[in-house]
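Keep the picture at hand as you read.

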Amino acid sequence: LQIIMFKANKHRIENHIESLARFTSTPGHGATRLSYSKEDAAARHYIKQEMNNLGLVVREDAVGNIYGRMEGALKNAPAVIIGSHFDSVPNGGSFDGPAGIVTGLEVVALFRDYGFEPQYPLEVIAMIEEEGSRFGGGVLGSRMIAGQITLVDLNEMKDNTGLSAAEAMEKMGFNAAEIGSAQRTGKDVKAFLELHIEQGPLLEAAAQDVGIVEMIVGMTEIRITVKGKSGHAGTTPMEGRADALAGAVSILKELPGMVLDEPDRPVLTVGKLNVLPNGANVIPNQVTFTVDIRSAHSDTIQRILQKIEQLVADVKIPGISFSTEELLYAEPVEMSADIQTLLIENCEKLGLRYRKMVSGAGHDAMIFADFTETGLIFVPSKDGISHTPEEWTDYAQLQKGIEVAFETIVQLTEAKEKSSNTETY
Ligand code: HGY
Ligand code: MN
Ligand code: MN
């Protein structure tokens, strides 16, 4: 029995990752690449150029997601899509997002190297605003593809300078009003596959090469705004102050305890907090902060949201008011059982160690799963860390994950080798 191993090219992989890592507004302090920023534009140029070099037909949808398409033998057949996002968190790492895009580029390069021709068309995708670092919420590129976002939403989502997502798109030559044309459905998408770094410690600790994701936890992101009354820090008596930060603290200090007594170990994070007018000698009149809650069980998330609602209602400080907005709500979602089976078969064929696992991180795959067969592959993260400049995955590990992705994409596109005399047995 002779198994032909199609080896991915580690140098190409490393070169792509290192090249994309250079497009950051914080050089030396990790990847900071916000959607529609000049760093986005530089990364976009690189990605499109590499797609062109691979002979792909390159296009950008109305809202800035990038596609590189390889036609298949079957005309008008739904496409298999592979890719991830190219925006980052502030001061993030080089692999979160780009690892999945580089996987798409390398899979196509392997199709070219080994003479594979897909029956179903193959599309590499690079999506915007998965992290939500600029406009909040997250998975925005994929939610627009899934038809879950309207033009009204894009006019309402603002960055911290008050610019809306629609205006930011327009500045880069995209057109939020055409958002409908960005939608994909199960009719024109046969499957979606994403490779991502694990962003946790399990694979490295168990010396396993690949994580096969069964399910992505549910998550919600809310933004709470606390309004009070500004005033002079020196001449305003403590009694009767409507100090917005004091109001916010009365909520913030209760939040961690809310999840600790939940049986299924949900997580809650306050990652963003803004104080206005942010003067050391001015009583704050407005504080906004985000609350990110995740659990494998949506009833747990609902219960925590109700507890927060009650907590806010119970705060009785004269002159202090609260408002809450939901920026994202995603149910826990299962990955395709069929694709998981293919991934297991391919890991075994390649002699790789693997585990099935739950993803505590959100990914574009959780949105694609709403309308097409979706698979998510993890590769190990050094020390389990991510969303920091120290984020790292050995290129040899990334190469193994890409080889699993290649085998799986060959199956999903029902690709055939050009010369028939190199049958795999
Ligand atoms: O927040 C997340 O889980 C992902 O990194 N956007
Ligand atoms: Mn990511
Ligand atoms: Mn991330």
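Donors are N, O and S atoms within 2.8 Å of the metal. The model is predicted.

Q: Which residue coordinates both the manganese ion (ligand 3) and the manganese ion (ligand 2)?
A: The two ions are 3.4 Å apart. The protein donors of ligand 3 come from Asp 96, Glu 131 and His 387, at 2.1 to 2.8 Å. One residue coordinates both ions: Asp 96.

Q: How many residues apart are Asp 96 and His 387?
A: The donors of ligand 3 follow the spacing D-x34-E-x255-H along the chain. Asp 96 is in the loop between strand 3 and helix 3, and His 387 is in the loop between strand 17 and helix 13. This pair links distant parts of the chain, 291 residues apart.

Q: Is His 387 buried or partly exposed?
A: Buried means under 20% relative accessible area, and exposed means over 50%. Asp 96, at 5%, is buried. His 387 has 39% relative accessibility, so His 387 counts as partly exposed.

Q: What is the volume of the largest cavity?
A: The structure holds 1 cavity of 30 Å³ or more. Its lining includes Asp 96, Glu 131 and His 387. The lining residues divide into 1 nonpolar, 4 polar and 4 charged. The volume of the largest cavity is about 40 Å³.

Q: Why does Gln 119 count as buried?
A: Gln 119 is in the loop between strand 4 and strand 5. Gln 119 touches residues including Leu 74 and Glu 414. The cut-off for buried is under 20%. Gln 119 counts as buried because its relative accessibility is 18%.

Terms used:
Residues numbered from 1 in each chain as written. Chains lettered and ligands numbered in written order. Predicted model: local features only at pLDDT ≥ 70, side-chain atom pairs only at ≥ 80, totals over all residues. Heavy atoms only, no water. Helix = DSSP H or I, 4+ residues; strand = E, 2+ residues; numbered from the N terminus. Buried < 20%, exposed > 50% of the residue type's maximum accessible area, 1.4 Å probe, protein only. Contact = heavy atoms within 4.5 Å. Donors = N, O, S within 2.8 Å, 3.2 Å for Na, K, Ca; no water. 1 Å grid on protein atoms, 1.4 Å probe; cavity = no way out; pocket = protein on both sides within 12 Å on 5 of 7 lines; lining within 4 Å. Points joined across faces, edges and corners; volume = space filled by probe spheres on them. Nonpolar A, V, L, I, M, F, W, Y, C, P; charged D, E, K, R; others polar. Lists of a residue's contacts leave out its neighbours within four places in sequence.
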